[in-house]
Amino acid sequence: MDCEKARELMLEFVEGTLSPRQAEEVKAHVESCPECMRELEDQSSRTRALQALGRVRAPDQWEEISRAIDEPGARVRPGGWKGWIRRWWPALVVLAIVAAAVVIFTQL
Amino acid sequence: MKDRTDEDLVKHFVGTGAREAFGELYYRYKDKVFNTAYRIVGDYERARDVSHDVFLKVHTDAGGFRFKSSFSSWIYRITVNRSLDESRRARRRKGDVSMDAMAGELSSRRRADRPEDAALDHESQSELLAALERLSPKLKAVIVLRYFEGLSYEQIAEVIEHPVGTVKSRLRRAHRKLAALLERRGYDVARGVRNGLRKGKGTDA
């Protein structure tokens with residue numbers, strides 16, 4: 001394995017998502033290449049630091065969300081054909097009127 | 001309610017309009033949604049707005065949820081998309097949001113209780129967060145989903161609707177950028193992690 005390939009796989013090596021065979025190949029390369037070893041140490045430190053940042057405590061917004069849901073226009077929108085018809089009914093009505101007008105006009 | 005799956009709760013809530021089913025979903029996901037938004041938009045108040053909008057959208061669109069992906073991926077997808085929109089909007093509004101976002105981060109961090117941060121010292125946190133802030137929102141999103149939310153590459157792929165290969169290449173790019181940014185700031189991450197771990201051990205003793 002060359003440096004380019006080893007560096008491409010380094011993230012997954014650090015995160016433990018490589019196959020055992022690939023991990024062995026990366027390990028063998030890194031042990032014989034001081035530059036890649038340094039790169040691996042950096043990658044590993046950075047990953048651990050990111051994982052250590054942790055989470056913030058989320059505010060409880062249930063009351064405000066619950067109030068917003070109760071406002072008109074915030075009802076559950078049905079999916080499937082019912083939802084489609086509910087969204088597009090004005091356009092369908094216009095289309096039906098135009099179609100009816102065309103039929104009547106052509107028969108005159 | 002507590003022992004029901006997310007999908008059962010969605011079906012129950014869509015079928016009957018039961019507020020308690022939606023409430024259960026809210027409390028299951030509020031931390032995940034807020035944290036994802038907070039890390040992408042970089043500001044506590046804007047993350048609150050994003051979080052609010054996400055749950056309203058889930059409430060409104062749940063009827064159209066076809067169960068092709070997990071509920072978890074769906075709500076993360078809505079959160080990431082809404083957060084990316086918010087980042088774009090903020091950038092347009094302010095020209096350059098980075099200084100603002102960093103100020104927001106500092107004030108938010110004073111307000112937020114962060115017991116989990118003991119593994120990193122304060123300097124390391126600040127340096128890393130400042131570097132994260134400089135990433136593009138798309139790169140930030142994969143970092144957040146991977147390291148803050150602990151999603152697998154496959155789950156991230158489902159959330160962002162791109163192949164696993166794209167997830168890995170974005171993560172690699174994000175790491176390369178972070179490395180360059182931290183180096184430019186003259187910060188040694190390895191030392192920060194060592195200090196943090198020493199401090200953590202000292203606190204435990």
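**Notes on the two-chain model**

1. The term stands for a side-chain nitrogen of Lys or Arg within 4 Å of a carboxyl oxygen of Asp or Glu. A:Glu31 is exposed at 56% relative accessible area, while A:Lys27, at 38%, is partly exposed. Here buried is under 20% relative accessible area, exposed is over 50%, and partly exposed is in between (1.4 Å probe, protein chains only). Helices are DSSP runs (H or I, at least four residues), numbered from the N terminus.

2. A word on the basis: this is a predicted model, in which local features need pLDDT of at least 70 and side-chain atom pairs count only at pLDDT 80 or more, while totals for chains, interfaces and linings use all residues. Side-chain values use heavy atoms, without hydrogens and water, residues are numbered from 1 along each chain as its sequence is written, and chains are lettered from A and ligands numbered from 1 in the order in which they are written.

3. Another pair may interest you: B:Arg77 and B:Glu161 form a salt bridge at 3.9 Å, N to O. B:Arg77 sits in helix 4 of chain B and B:Glu161 in the loop between helix 8 and helix 9, so the bridge ties together parts 84 residues apart in sequence. B:Arg77 is buried at 14%, whereas B:Glu161 is exposed at 56%.

4. Now to the interface. Five salt bridges link the chains, and B:Glu149 with A:Arg55 form a salt bridge at 2.4 Å, N to O.

5. Finally, the nonpolar core: a set of buried Ala, Val, Leu, Ile, Met, Phe, Trp, Tyr and Cys residues joined through side-chain atoms within 4.5 Å. The largest has 34 residues, and those touching the most other members include A:Leu50 and B:Leu171. Helix 7 of chain B gives this core its largest share, eight residues. Leaving out residues up to four places away in sequence, B:Leu171 touches A:Leu11, B:Val142, B:Ile143, B:Arg146, B:Tyr147 and B:Tyr153.

Conventions. Helix = DSSP H or I, 4+ residues; strand = E, 2+ residues; numbered from the N terminus. Contact = heavy atoms within 4.5 Å.
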